[in-house]
Amino acid sequence: MPAAPRRLPPAVADIIAAAEWYDDQRAGLGDEFVTEVDAVIRSLAKASLIHAVRFADVRCARLKRFKPYGVFYFLWQGVIIVFAVFHASRHPRIVRGRRTRLG
């Protein structure tokens, strides 16, 4: 089993930005978003390979309640690397570019 997922700073920034937006919509909704993202990320430690490869070595685990969002990750030396939490309306080129910069 891979080690616990590692969240890169850009993914953490994505989560914070989305949570703040949701809190602006309704108090407490941002916390609910973070709770779901955390649950999805924790679930990757048990079954990281069940999600389809989107491009290169990148997989995406979709959120259930916050359907437009996906947790983007890849495996590197047995570690799950979460590098983005993106809304589906954002251009896929952004995710690809972020992954490319990571090497």
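A residue counts as buried when its relative accessible area is under 20%, as exposed when that area is over 50%, and as partly exposed in between (1.4 Å probe, protein chains only). By that rule D31 is exposed, because its relative accessible area is 53%. Welcome to a short tour of this predicted model, in which local features need pLDDT of at least 70 and side-chain atom pairs count only at pLDDT 80 or more, while totals for chains, interfaces and linings use all residues. Residues are numbered from 1 along each chain as its sequence is written, and side-chain values use heavy atoms, with hydrogens and water left out.

**A negative patch on the surface**

- Let's begin with E20, D23, D24 and D31, which gather on the surface in a patch of negative charge.
- A patch is built from residues with over 30% relative accessible area and no salt bridge, joining like charges within 9 Å and nonpolar side chains (Val, Leu, Ile, Met, Phe, Trp, Tyr) within 5 Å.
- Asp and Glu count as negative and Lys and Arg as positive, while His and the chain ends are not counted.
- Helix α1 (residues 9-25) gives the most to this patch, with three residues.
- D31 sits in helix α2 (residues 29-47).
- Helices (H or I, at least four residues) and strands (E, at least two) are DSSP runs, numbered from the N terminus.

**Salt bridges**

- The structure holds five salt bridges, each being a side-chain nitrogen of Lys or Arg within 4 Å of a carboxyl oxygen of Asp or Glu.
- One of them joins R98 and D14, whose closest N and O atoms are 2.7 Å apart.
- R98 lies in helix α3 and D14 in helix α1, so this pair ties together parts that are 84 residues apart in sequence.
- R98 and D14 are both buried.
- Another salt bridge brings together the side chains of R26 and E32 (2.9 Å, N to O).
- E32 also forms a salt bridge with R65, with the closest N and O atoms 2.3 Å apart.
- Since E32 is in helix α2 and R65 in the loop between β3 (58-62) and β4, the pair ties together parts that are 33 residues apart in sequence.
- Taken together, R26, E32 and R65 are linked in a network of salt bridges.
- R26 is partly exposed at 42% relative accessibility, E32 is partly exposed at 30%, and R65 is partly exposed at 49%.

**Aromatic rings**

- Searching the whole structure gives eight aromatic pairs.
- Rings of Phe, Tyr and Trp (its six-membered ring) pair if their centres lie within 6.5 Å; planes under 30 degrees apart count as stacked, over 60 as edge-to-face and the rest as tilted.
- W21 and Y22 make an edge-to-face pair, 5.1 Å centre to centre with 80 degrees between the planes.
- W21 is partly exposed, with a relative accessible area of 48%, whereas Y22 is buried at 10% relative accessibility.
- F72 and F86 are also an edge-to-face pair, at 6.3 Å centre to centre and 70 degrees between the planes.
- F72 belongs to strand β4 (residues 69-76) and F86 to strand β5 (residues 79-87), so the pair ties together parts that are 14 residues apart in sequence.
- F72 is buried with a relative accessible area of 10%, and F86 is buried with 2%.
- One aromatic cluster is formed by W21, Y22, F33, F66 and Y69.

**A look at R96**

- R96 is found in helix α3 (residues 92-102) and is partly exposed, at 42% relative accessibility.
- The C-alpha atoms of R96 and Q25 are separated by 29 Å, and these residues are 71 residues apart along the chain.

Key: Areas by Shrake-Rupley, 256 points an atom, 1.4 Å probe, with all protein chains shown as cover. Charge placed at Lys NZ, Arg CZ, Asp CG, Glu CD.
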